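My notebook is open, and I want to see how the inside of this one is put together. Here is what I looked up.

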Amino acid sequence: MAGDTTSTPPLFLLGTHQPGWLARVGLPLFVADPRLRVYKTLPRAAAPWALDSGGFSELQKYGRWTVTPRQYIARVRRYRDEVGRLLWAAPQDWMCEADVINGGRVGPVVFAGTGLSVGEHQRRTVLNYAQLRDLAPDLPFIPVVQGDTVDDYLRCVDLYWSLAGLDLTTAPLVGVGSVCRRQGTAEAGRILAALHTCGVRRLHGFGFKTLGLIAHGHLLTSADSLAWSDTARKLRRPALPECVRAGRHRNCANCLNYALRWRAELLAAARTARHQPAA
Ligand SMILES: [Zn+2]
């Protein structure tokens, strides 16, 4: 297995709901298009960053993409030119979680449901990537593999070849979608390991939580996470003592101090995990 792992730590992109951080925080960030597109004057990036297409909330709310590829391309081009330092942009992919497909309610969140099969989600994901690439070869869209089981992900690799003529083993970066709900579990590790085994080794893990990053960071070239914000908000964690003293906010869901502290702890934990012998 040692040959399957990368020795350098993954590039970590800190997820944020605050596009203004692009100009203020000199660290790699991950920002979603729905947050950025409302800006008339865009922030100028102080560090490299990557763009999330906002696919999960789009499919959760509408059960389909309401943004056309041409609309998305126009925005990404604007971000590249006006924000600058754009590393890559996610495509308009189709996540394969059961809730996204079947619809229903998870806590307060209602999923519209696409009513489509995993195979159809994969086909649409691949065809969207091909369309973005063909319409805008100047923009850094990355392919994303989607699926439910390990075999689905490997089939998705084949689909890129058969539908788009793209050999993912040569792609500079391949996003791995739909793992955020099971990260930290053995299944997420099996999916990443299977991709490595078939030669797809430069992987970006979307929306990883702390345990997933610690357990599987060695299989990732990069990863993003907004888990810090969810933790601060959903678990109703009290704000940091200094935020309370300064009367800044009741929770730290959008707090830079909190995010930076979380990031430093995460990277330290991931470093420690990498230096421990595998169980
Ligand atoms: Zn705070």
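**Core and strands**

I began with the largest nonpolar core: of its 62 residues, Leu29, Val31, Trp49, Leu51, Val176 and Leu203 touch the most other members. Such a core is a set of buried Ala, Val, Leu, Ile, Met, Phe, Trp, Tyr and Cys residues joined through C-beta atoms within 7 Å. A residue is buried if 20 or more other C-beta atoms lie within 10 Å of its own, with C-beta atoms placed from the backbone. I found another core apart from it, of nine residues, among them Leu59, Met95, Cys96 and Val118.

I noted that this is a predicted model: local features need pLDDT of at least 70, side-chain atom pairs count only at pLDDT 80 or more, and totals for chains, interfaces and linings use all residues. Residues are numbered from 1 along each chain as its sequence is written.

E2 pairs in parallel with E3 (residues 49–52) over four bridges, where pairing takes at least two DSSP bridges. Phe30 has Ala50 as its bridge partner in E3.

**Helix H3**

Which residues of H3 are buried? In H3 (residues 55–62) I listed Gly55, Phe56, Glu58 and Leu59. They line one face of the helix, because they fall within an arc of 165 degrees seen down its axis, taken from the directions from the axis to the C-beta atoms. Just after H3, I spotted Gly63 with a positive phi of about 70 degrees.

Notes. A residue is buried if 20 or more other C-beta atoms lie within 10 Å of its own, exposed if 12 or fewer, and partly exposed in between; C-beta atoms are placed from the backbone. Helices (H or I, at least four residues) and strands (E, at least two) are DSSP runs, numbered from the N terminus.
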